[in-house]
Amino acid sequence: MPVSAPPAGLDDSPAARRREQRGWYFYDWANSAFYTTIISVFLGPYLIPVAKTAACAKDFPTVAPAACSAEFDKLAATNPGLGYVDVLGADIRPAAFFGLTLTVAVLLQIVFLPVVGALADHTGRKRELLGAFAYVGALATMGLYFVEGDRYLLGGALFVIANLAYGSSVVVYDSFLPQISTPDERDGVSSRGWAIGYLGGGLLLALNLVLYLRHESLGLSEGMSVRISMMSAGLWWATFTVIPLLRLRNRPVPAHETTALRSVGGSFRQLGRTIADLHRYPLTLLFLVAYLVYNDGVQTVIGNSAAFASEALKLDKSVQISAILMVQFVAFFGALLLGWLARRFGTKRTVLASLVLWTAIVVVAMFLQEGAALQFYLLAFAISIVLGGTQALSRSLFSQVIPKGREAEYFSLLQISDKGSAFIGALTVTIALQFTNSYRIAIVSMIIFFVIGFVLLALVNLPKAIRAAGNEVPETI
């Protein structure tokens, strides 16, 4: 079964596809270092004290920089009107600076990613765009090594650039999936890519955590160990991006598209046509909404797992760090397992079953005992089994229900819709905490996302959606 009508001169044999697929996997291996080392573990806890040091230097000059982090909160509480940092003329609390940086990064992605998707599809330069965004992101990440002392603005600016480049590169990367795999190969290829990403990100994170935990014996300060770890994520990203750039191939696009739509303005016009055209694919739109609902639940559970461990279960940092590492490595096998189940029982059934397991996980979390590290590890193990597979198989399903030649546009819609809806789960947790002051109830409130997502996905007639998009229906879906 062909992937699509192969362009003249482009080898579309199974051996050529496998070569591209193996190269494609390595971009997940490369970019996962940014997500695990920078976003998940190191940057937030490092950048906030840097902002506090800057606030101390401005408002409390008698406090030594080394003592600022420990003394700052008390000084700010007893001196109203002091203890802020300047961000483009606005006074911002140091504790809120990283959250503000994340918000700006997400908003810029919502604006920028659709342009990236349209440019990728209609210039035919996907490999070049992937490389450009990857290396901009990697260089910005390596630049985090120079964030020390009171350089909070440098850290915020570098992270915004790196995160924007990361999201842009992922849009282009995902859009290769339908071009390098047949409909029947899609689940396996997507699952292997996701699994390899967990393995690569977990391996570098493990090395960096060893460096961080043993920094004194290595003659390093804590701050230096963090800066080296953040730089290593950029080096890892840059080094392993070479492999997909050598293996992936551009596909020709119609001549009128490469000329008329090469400009950014043309890309915006194409985006408008794509959004307006969604009414022609109602089942694709229904799947997109279903994914956004249940994925919001997944992301919220993951994002609040550390706070749940510390606030509800009273577990220390060592338990949280070791659980993060376990999830990274077990998720490798979990993604492969769900890929195998999808081939045997169908992709849609496997994703629906994973949502049932997610529901069970948040219910069980309600009843974990305080201080029970083993129970938390078992819960983290269960999460890691379904985490990668749910997302990988959803990516595969989405690739089946989008029209050929517009893959990057539709994947950019998936990415920006994901970013735009991410606040709903966080808001639900905030409301639950506000009214109950219980992280147990806050986590169990995620049931509503998994139940609604399950119902919406169950309503999607996938064979009809795939045919409506002009694609072949795989044997098992």
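Buried means under 20% relative accessible area, exposed means over 50%, and partly exposed is in between, using a 1.4 Å probe and protein chains only. What you have here is a predicted model, where local features need pLDDT of at least 70, side-chain atom pairs count only at pLDDT 80 or more, and totals for chains, interfaces and linings use all residues. Residues are numbered from 1 along each chain as its sequence is written, and side-chain values use heavy atoms, with hydrogens and water left out.

**The whole chain**

- You'll find 19 helices and two strands in the chain; these are DSSP runs numbered from the N terminus, with helices being H or I of at least four residues and strands being E of at least two.
- Take the contacts (heavy atoms within 4.5 Å) with a separation of 6 or more: 82% of them are between residues 24 or more positions apart.
- The chain's accessible surface is about 20000 Å², and carbon and sulfur atoms hold 67% of that; such areas come from the Shrake-Rupley method with a 1.4 Å probe, and for residues only the protein chains shown count as cover.

- Leu-457 belongs to helix H18, which covers residues 447-459, and is buried at a relative accessible area of 0%.
- Leaving aside residues up to four places away in sequence, Leu-457 touches Phe-287, Ala-290, Tyr-294, Lys-348, Val-351 and Leu-352.
- Val-289 is 168 residues from Leu-457 in sequence, yet their C-alpha atoms are 8.7 Å apart in space.
- Leu-459 is in helix H18 too, but Leu-459 is exposed, with a relative accessible area of 56%.
- Val-356, Val-451, Phe-454, Val-455 and Leu-459 make a nonpolar surface patch of about 420 Å², and H18 gives the most to the patch, with four residues.
- For the record, patches are made of residues with over 30% relative accessible area and no salt bridge; like charges are joined within 9 Å, and nonpolar side chains (Val, Leu, Ile, Met, Phe, Trp, Tyr) within 5 Å.
- A salt bridge is a side-chain nitrogen of Lys or Arg within 4 Å of a carboxyl oxygen of Asp or Glu.

**Thr-347 in helix H14**

- Thr-347 sits in helix H14 (residues 347-365) and is buried, at 0% relative accessibility.
- Beyond residues up to four places away in sequence, Thr-347 touches Asp-187, Ala-342, Leu-393, Leu-397, Thr-476 and Ile-477.

**Rings meeting rings**

- The whole structure has 20 aromatic pairs; rings of Phe, Tyr and Trp (its six-membered ring) pair if their centres lie within 6.5 Å, and planes under 30 degrees apart count as stacked, over 60 as edge-to-face and the rest as tilted.
- One of them is the tilted pair of Trp-236 and Phe-240, 4.9 Å centre to centre with 55° between the planes.
- Trp-236 and Phe-240 are four residues apart in helix H8 (residues 222-247), so about one helical turn separates them.
- Trp-236 is buried at 12% relative accessible area, while Phe-240 is partly exposed at 22%.
- Phe-332 and Phe-333 have ring centres 4.9 Å apart and planes at 80°, so that pair is edge-to-face.
- Phe-332 is buried at 15%, whereas Phe-333 is exposed at 56%.
- Ring pairs also tie Trp-24, Tyr-25, Tyr-27 and Tyr-173 into a cluster.

**Charges over rings**

- Arg-227 lies over the face of Tyr-145, 4.4 Å from the ring centre.
- Lys-126 has its charged end over the ring of Phe-176, 5.8 Å from the centre.
- The test is that NZ of Lys or CZ of Arg is within 6 Å of the ring centre and within 35 degrees of the ring normal.
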